[in-house]
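Subject: Structure for your review

Dear colleague,

Please find the structure below, handed over for your review. The notes after it set out what was found.

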Amino acid sequence: MHLAYPAVLAALLFCVGLYGVLARRNAILVLMSVELMLNAVNLNLVAFDVWLRDTLHSGQALTLFTIAIAAAEIGIGLAIVLMVYRNRGTSDIDALRDTAETADEQHDPDDATQAPDGPAQKAEAAA
């Protein structure tokens, strides 16, 4: 078997996955692109394992570990995306950038213009 065929196919798969990560705005499509990149790495591992005729089959063993890690990554990633979608109503990556607190949203205890939060603060504000 020639090593060039699976190596070129893996390079194409990796490039398509990289384009998907960089160009897509939907979080689920980004996760799918990461999976495509991991599968390109798996294809390279198995191809080089066959080409080198490794008696320990190290490439195939690493491929199994990569598949297990990819399954865990996609499970946790989808759980996070579903939680964000339920809370925000979108899975758009650009819309998720506004999750950080800005300076005017932070609570300043010395600011008298803010509404009192607790019963002790309400008593102080009423006095």
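Which residues are buried in α2? They are A27, V30, L31, S33, E35, M37, A40, N42, A47 and D49. Buried here means under 20% relative accessible area, exposed means over 50%, and partly exposed lies in between (1.4 Å probe, protein chains only).

Before the details, a note on the source. This is a predicted model, in which local features need pLDDT of at least 70 and side-chain atom pairs count only at pLDDT 80 or more, while totals for chains, interfaces and linings use all residues. Residues are numbered from 1 along each chain as its sequence is written, and side-chain values use heavy atoms, with hydrogens and water left out.

Overall picture

The protein chain holds four helices and zero strands, and its elements run α-α-α-α from the N terminus on. Helices (H or I, at least four residues) and strands (E, at least two) are DSSP runs, numbered from the N terminus. Of the 127 residues in the chain, 18% are buried. The accessible surface comes to about 9,500 Å², and carbon and sulfur atoms account for 66% of this area. Such areas come from the Shrake-Rupley method with a 1.4 Å probe, and for residues only the protein chains shown count as cover. Taking contacts between residues at least 6 apart in sequence, 54% join residues at least 24 apart; a contact means heavy atoms within 4.5 Å.

The helices in turn

Helix α1 covers residues 4-23. Its 20 residues reach 28 Å from the first C-alpha to the last, close to the 28 Å expected at 1.5 Å a residue. The expected span is 1.5 Å times one less than the number of residues in the helix. P6, A10, G17 and G20 are the buried residues of α1. Seen down the helix axis, these buried residues fall within an arc of 85°, so they line one face of α1; the arc is that of the directions from the helix axis to the C-beta atoms. The face of α1 turned away from the buried side carries the exposed residues L12, Y19 and L22. The cover over the buried residues of α1 includes α2.

Helix α2 spans residues 27-52. With 26 residues, α2 reaches 38 Å between its first and last C-alpha, close to the 38 Å expected at 1.5 Å a residue. After α2 comes R53, whose phi is positive, near 55°.

Helix α3 (58-88) has 31 residues that should span 45 Å at 1.5 Å a residue, and the 44 Å between its end C-alpha atoms agrees with this. Its buried residues are G59, T63, T66, A70, G77 and V81, and what covers them includes α2. One of these residues is T63, which counts as buried because its relative accessibility is 9%. Apart from its neighbours within four places in sequence, T63 is in contact with N42, L45 and V46. G89 follows α3 and has a positive phi, near 85°.

The surface

F14, L18, L22 and V41 form a nonpolar patch on the surface, with about 340 Å² of accessible area together. Patches are made of residues with over 30% relative accessible area and no salt bridge; like charges are joined within 9 Å, and nonpolar side chains (Val, Leu, Ile, Met, Phe, Trp, Tyr) within 5 Å. Helix α1 gives the most to the patch, with three residues. V41 lies in helix α2 and counts as partly exposed because its relative accessibility is 36%. The C-alpha atoms of V41 and A7 are separated by 9.6 Å, although the two residues are 34 residues apart along the chain.

The salt bridge

How many salt bridges does the count come to? The count comes to one, where a salt bridge is a side-chain nitrogen of Lys or Arg within 4 Å of a carboxyl oxygen of Asp or Glu. The side chains that meet in it are those of D94 and R25 (3.1 Å, N to O). This pair links distant parts of the chain, 69 residues apart: D94 is in the loop between α3 and α4 (119-126), and R25 is in the loop between α1 and α2. D94 is partly exposed, with a relative accessible area of 33%, and R25 is also partly exposed, at 43%.

With kind regards
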